[in-house]
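Me: I have a structure open and I want to learn how to read it. Can we take it feature by feature?

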Amino acid sequence: MAENRKNLPPASASNLAANLAPMPMPVPVPALPVVSANKATSAPVKNEQRSFDDLLAAQDSKTPEKIDGGTSSATPSFYIQLGAYAIRANAEATMERLKSKATVRLPDFDIVQQGSLYRLISGPFSTRAEANNAIAQNNDLGISKPVVVQR
C-alpha cells in the first residue's frame, strides 16, 4: 500500500544533507582509434545530411535481387513497376489479380526484392517508349501510378 506524504515524518536537516551529497565528477576517457580489417578499402565516413531525393536515388540505383533466382541479361531492359510492397503476400495477391485482367496485354509478371520491398514488375520491354505505351494501353487495371524502371 502506498504511503502518503502526510504520514511520513518531517524531513530533518541530516536527511537532506545525506541526500545532497556531492556526486563524483566524470573522468574524460581518450578516444580509441578505430582499426579496420582492410585498410586499403576503408574510407573515412562523413557525417553528412542527405536529402530525401538523394536517398530515393540511392535506393533506386541499388541492383534488384531476383527472388526466384533467375539470370540477368547483359543488355539493360525496361520494366513496368506496378507496385512496391512490404509484405510479399500482398505483392503476390496483386500479381494474381493483374494476371486475370491482363493476360494478353502485358508480358510476364515477376516479383523482385530490393531492400525491404517486394516490387511487382512486368516486362521486359526493349525501349522506354514501348513500356510507356503499355502503361497507356493498360490504364484500366487499377494501378494508380505505374513506373518505368530500367534493370
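Me: Which residues is G123 in contact with, leaving aside its neighbours within four places in sequence?
Reply: Contact means heavy atoms within 4.5 Å. With those neighbours left aside, G123 is in contact with F78, Y79, P107 and D108. Take F78: G123 and F78 are 45 residues apart in sequence, and their C-alpha atoms are 6.8 Å apart in space.

Me: What kind of model is this, and how are residues numbered?
Reply: This is a predicted model, where local features need pLDDT of at least 70, side-chain atom pairs count only at pLDDT 80 or more, and totals for chains, interfaces and linings use all residues. Residues are numbered from 1 along each chain as its sequence is written, and side-chain values use heavy atoms, with hydrogens and water left out.

Me: Where is G123 found?
Reply: Helices (H or I, at least four residues) and strands (E, at least two) are DSSP runs, numbered from the N terminus. G123 is found in strand β4. P124 has its place in strand β4 too. A cis peptide bond joins G123 and P124, with omega about 10°.

Me: Is G123 buried or exposed?
Reply: Buried means under 20% relative accessible area, exposed means over 50%, and partly exposed is in between (1.4 Å probe, protein chains only). G123 has a relative accessible area of 9%, so G123 is buried. β4 is mostly covered, with seven of its nine residues buried. For the protein chain of 151 residues, 22% count as buried.

Me: How many helices and strands does the protein chain have?
Reply: Four helices and five strands. Read from the N terminus on, the elements run α-α-β-β-α-β-β-α-β.

Me: How many bridges join β2 to β4?
Reply: Start with the rule: two strands pair if DSSP finds at least two bridges between them. Six bridges join β2 to β4, and the two run antiparallel. On this pairing, F78 stands opposite F125 in β4.

Me: And how do β3 and β4 run?
Reply: They run antiparallel, joined by six bridges. F109 stands opposite S122 in β4. β3 and β4 form a hairpin with two residues between them. In the turn, G115 has a positive phi of about 70°.

Me: Which residues of the largest nonpolar core touch the most other members?
Reply: A nonpolar core is a set of buried Ala, Val, Leu, Ile, Met, Phe, Trp, Tyr and Cys residues joined through side-chain atoms within 4.5 Å. The largest one has 19 residues, and I80, L82, L98 and L120 touch the most other members. At least two residues of this core come from each of β2 (78-85), α3, β3 (109-114), β4 (117-125) and α4 (128-137). β2 gives the largest share, four residues.

Me: What is L98 in contact with, beyond its neighbours within four places in sequence?
Reply: L98 is in contact with L82, F109, L120, L141 and I143.

Me: How many salt bridges does a search of the whole structure find?
Reply: Side chains of opposite charge can pair when their charged atoms come close. A salt bridge is a side-chain nitrogen of Lys or Arg within 4 Å of a carboxyl oxygen of Asp or Glu. The search finds one. The side chains of E92 and R88 meet in it, at 2.8 Å from N to O.

Me: Why are E92 and R88 separated by about one helical turn?
Reply: Because they are four residues apart in helix α3 (residues 88-101). E92 is partly exposed, at 32% relative accessibility. R88 is also partly exposed, with a relative accessible area of 24%.

Me: Which residue lies over the face of Y79?
Reply: A charge sits over a ring if NZ of Lys or CZ of Arg is within 6 Å of the ring centre and within 35 degrees of the ring normal. R151 lies over the face of Y79, at 4.9 Å from the ring centre.

Me: Where does S77 lie?
Reply: In the loop between β1 (65-66) and β2. S77 is buried, with a relative accessible area of 11%. Leaving aside neighbours within four places in sequence, S77 is in contact with P124, F125, V149, Q150 and R151.

Me: Where is V148 found?
Reply: In strand β5 (residues 147-150). V148 counts as buried, at 13% relative accessibility. Beyond neighbours within four places in sequence, the contacts of V148 include F78, Y79 and I135.
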